[in-house]
Amino acid sequence: MEKIKTVIAGCSGRMGKALLEGILQSADLTLHAALEHASSLHLGKDAGELVGGACGVKITAGLDEALQGADILIDFTRPEGTMLHLERCIKYGVSMVIGTTGFSAEQKSRLNAASKQIGMVFSPNMGVGVNLVFKLLEMASKVLSHGYDIEIIEAHHRHKVDAPSGTALGMGEVIARTLGRDLGQCAVYGREGVTGERDPSTIGFATVRGGDIVGDHTVLFAGIGERIEITHKASSRATFALGALRAARFLQEKSAGMFDMQDVLGLKSANGSVERD
């Protein structure tokens, strides 16, 4: 069987290294190219050296060269970088696995339009476990639709640049959609001072940033006399990398279309997928 020729964007970052390890240990994927920005000190080095070995693939900033002949680009960078990669992937017919978060509404619209030409898995979190949590939240929201206040608490490392996390927002979208609400109208992203009593129709978000926390998410359903908490804690980025590689395998059978990890894992419900962020 021919291996899936995979390109990693941002290969020297935290997620890039986790992806490198996963691909170099994979039996059905091969590293086609490893990308970094033009000012990176890693340019020209063997990509394998980032994870303690050698693989024969040199780190490059040449996007066109990297994408020619490739099957999949895996991108966990930043919105502006992903948008640049998107145009070239369309040009060369390369599918995309996108774990980047923090996109604007206009950028999301561009991604959706591009998915008519190339295959795309776009998910706020590629972890298998956390995507199972998305499904559990849908179930819990149906049962706890009345009499329970909903709060989403997330914690990440000090280097994360967007808040709330894409995963937290994805959780909020699942809950809001299940309850027939618009997250844009019912979300509360911060409380300070005399706020008055809590509006029961809102979904609250709390953000923690510190240290090297990989990613913790808890959804609290607080009722009278009880509370239900659904929590996912990631201790390693390997879980996200393994999910992204699973998504890459899924895309091999897709010529075009927008998908998320609910599609990849066969968890898609009749009323739609998790909102992509």
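Buried means under 20% relative accessible area, exposed over 50% and partly exposed in between, using a 1.4 Å probe and protein chains only. The views below come from a predicted model, in which local features need pLDDT of at least 70, side-chain atom pairs count only at pLDDT 80 or more, and totals for chains, interfaces and linings use all residues. Residues are numbered from 1 along each chain as its sequence is written, and side-chain values use heavy atoms, without hydrogens and water.

**View A. Tyr-189 and Phe-205 form a tilted aromatic pair.** Their ring centres are 5.1 Å apart with planes at 35°; rings of Phe, Tyr and Trp (its six-membered ring) pair if their centres lie within 6.5 Å, with planes under 30 degrees apart counted as stacked, over 60 as edge-to-face and the rest as tilted. Phe-205, at 5% relative accessibility, is buried, while Tyr-189, at 47%, is partly exposed.

**View B. Phe-103 and Phe-122 meet edge-to-face.** Here the centres are 5.3 Å apart and the planes stand at 90°. Both Phe-103 and Phe-122 are buried.

**View C. Helix α5 (residues 128-143) packs with helix α6 (residues 166-178).** Helices here are DSSP runs (H or I, at least four residues), numbered from the N terminus. The angle is about 30° and the axes lie 8 Å apart; axes are lines fitted to C-alpha atoms over the stretch in contact, and angles run from 0 to 180 degrees between N-to-C directions. Among the residues that meet are Val-133 and Leu-137 in α5, and Met-171 and Val-174 in α6, where contact means heavy atoms within 4.5 Å.

Conventions:
Helices (H or I, at least four residues) and strands (E, at least two) are DSSP runs, numbered from the N terminus.
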